[in-house]
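I opened my notebook to look up a helix pair and the cavities. Here is the model I worked from.

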Amino acid sequence: MALPVAEWRGRAARLWAALDPALRERLAAASLHDAVRLGCDLLRTEEEAALAQLCHRAATDKKPEAASWYREQGNREFKRGRYQAALRLYSKVCLEDIARAESHGYPDRLLPKVLLRKAECLLCLGRLQDAQDILRVLESKIALDGVMTTHLTRLKKLSQLKVKLGEKERCPEPAQEACGGIQGKPEIWEENSRISGASSSLGLGFDAERGRHLVASQDIVPGQSLVKEEAFVSVLCPGESLPLQDGDTAWDTGATNADLYCHRCLRQLLASVPCQGCSYAKYCSQDCADMAWQQYHRTECSLGALLLTLGVFCHVALRTVLLAGFAEVSRLVAWSHCGDKSLQNPEASCKPLSEAADAGAGSRGVPGCDSNGRYQSSYQALFHLLPHAEQHSPEHKFLCTLTVVAICKQLQAAGLEAAVLSQESPQQQPKPKTCENTSDGLSPELKTVAEAMLRHVLQLQCNAQAITVMQELGPGDGAVVDKKPVRLATAFFPVLSLLNHSCCPNTSVSFSGIAATVRASQPISSGQEVFHCYGPHWCRMRVAERQQLLRQYFFECRCPACLEELESGVKSVVSIRNSFCCPKCQAQMQGEEDILCCSNEACATSTSRDHLSGRLQDLQHQIKKALGLLRVGKADQAIKMLLKCQMDAGTFLSPEHLLMGEMEDHLAQVYATLGKWQEAARHLKKSIEIVEMHHGPLSVETGHELFKLAQILFNGFAVSEALSTIQRAEGILSVHFGPQNAQIQELQEMKACLSELPRNILQRT
Ligand SMILES: [Zn+2]
Ligand SMILES: [Zn+2]
Ligand SMILES: [Zn+2]
Ligand SMILES: [Zn+2]
């Protein structure tokens, strides 16, 4: 959740409504500096007490489950330097998870998958012998069941693990990365001399209309990397419910992203290193735990419940300030106070703490650039992202002010002020500060921190970048892996933020841990602006919805898709394709009002929109039920139900409706779990047709569907068709995600596996 919990928002709203109108006006017009000062007076002990109450609900200590008990014990051993014991206990953590899965009535056909997971865990823990043993059990089980009842995907995984095991035995732990993984073609990459993390084929532009923006300085080809940037700061979003709810395994029951990913580097956790001080923060390694502690967690650790209650934006704001270091924060806050900001450059104009000479050229004068005119992924650049302080509603600004003041007061009360102020900045040594409490409760230093945090919270509304990961969905029996992007963290990327929005962007963004890569998704010729889609894409929403969503960014989109739909009155493709059709003659239904009429004049049927929307809802409900049946292993019933849904949908939805495609996709999944590969492929191809129509044949969405089709054909031994589908999927996905992407690697492994298939297996089909 980006914003504070509803109760706290409600409290702030009531407080705001009860304020003297003159004071409301003063607050509305106040600078960030004055807002914090006023906020300190307005946050009463009443509110603080209420907040403390709310925090109890978000308690960061969880029930002592077996897994977490083992984890804590492991930690204790680790601290004593008893690594062997610790290792064993850590391994218990994930073995415990598997045991939980088994005790939840794991169907026997999934056993090989669990065994594979076990082997993987052991491998990661360096328990090579144990991993070997499990692989041997697995192999004998497969030999017993016969090749044909075992999915090729599993055989492939098994052989991968054997290779990894071999590598681990040959080379010691630290060199693991160097020898693991298949190396794709190296990408051509030349970094821009003026913008860190950007390609040399881009230039930085700045004007009143577009603000800062990136322009192609030479012709760019699809798939070319344009920006590679690590988040300046990122915070894992804890509350996001897991898509694994759709899976049939109890493996992840009760787990959230906060249990599955490293809180610092966002890598997936197999066995985690928890924080010593709280039960919330978990890391992939002792290194990450130590780094996080040193950089920010020693301040955040005891505030876990408060930060969860007040939302991810405030948490990002606090961590930003901690990462930047107090010296840098106070330098930039002081700069923001001085009147003449015509140069927009804290190094060049009024320099309270900097002696830097005004030696810049070229992009000098572009906000956020350093004294050499270079734009870096730094705190200075981040500080210059627009907070749009005048455009936020006064009430929202008040909520944010009250919230950051509450956090700072808590920092002071918990005796953490010294930790905040001594947080070293990368460039500057900390200056020892004397912490003295003033009458309204916050020291001048913490007021500076609060002011910077307020700025960051306001900036986040326009500049927060979601970090997403591809998470496995669907019946995870390993035959066909369906992956969807899921929001994992909220972050600031100062360079990525240079990209303006378009509803029909010419780039695509992907993530690996906290690193983002922007790639051209189509040819971009020299001189054209490079755009990124903030969310509202023309294929997914009609113009009115998009403009509504874009209002939070304080601009009106003038992209070609918006202009065309707005000015020429062209109906959006979304509304045409996702329309209702006439129950009598199947022609498209028309009308913007409550009553829809058949577009076929001879037919003249009319129906209320509410009636059709109601049917659509019922249908979606039925589809959910069918998926529920699939989850509990009743595939035959699921098929019957989905086929009935399809019949029903055909009487009132346009044949191109996205839901029509989704049903085909679900049917393909069900047939795949039954090993009926031909049926599965037939349905998936229909789904692909519809996805292509909506998103385009070269879109990420089509790429994902082709990836699934490749797996189905692969499992069904449809060798030549599988090979051509792999080729197509590879072509599309590598443009969006680059050659190192896990899905691309998997496609290549499938290709290799098919070409090595022994003749006798092929002849058996
Ligand atoms: Zn990590
Ligand atoms: Zn902690
Ligand atoms: Zn637009
Ligand atoms: Zn009709």
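My entries on the helix pair and the cavities follow.

**Ground rules.** I am working with a predicted model, in which local features need pLDDT of at least 70, side-chain atom pairs count only at pLDDT 80 or more, and totals for chains, interfaces and linings use all residues. Residues are numbered from 1 along each chain as its sequence is written, and side-chain values use heavy atoms, without hydrogens and water.

**Helix pair.** I looked up H28 (residues 719–737) and H29 (residues 742–756), which pack at about 160° with axes 10 Å apart. Helices here are DSSP runs of H or I with at least four residues, and strands are E runs of at least two. The axes are lines fitted to C-alpha atoms over the stretch in contact, with angles from 0 to 180 degrees between N-to-C directions. So H28 is roughly antiparallel to H29 (angles over 145 degrees). I noted contacts (heavy atoms within 4.5 Å) from H28 residues including Leu723, Ile726 and Leu733, and from H29 residues including Ile744, Leu747 and Leu754.

**Cavities.** I then found 4 cavities of 30 Å³ or more. A cavity is a set of points on a 1 Å grid over the protein atoms alone where a 1.4 Å probe fits but cannot get out; lining residues have an atom within 4 Å of a point. Points are joined across faces, edges and corners, and volume is the space filled by probe spheres set on them. The largest cavity has about 180 Å³. Of its 16 lining residues, His263, Tyr280, Glu300, His315 and Arg319 are closest to the centre. Strand E4 (233–236) and helices H12 (286–300), H13 (304–310) and H14 (312–324) each give two or more lining residues.

How values were computed
Chains lettered and ligands numbered in written order. Parallel < 35°, antiparallel > 145°, perpendicular 65-115°, else oblique. 1 Å grid on protein atoms, 1.4 Å probe; cavity = no way out; pocket = protein on both sides within 12 Å on 5 of 7 lines; lining within 4 Å.
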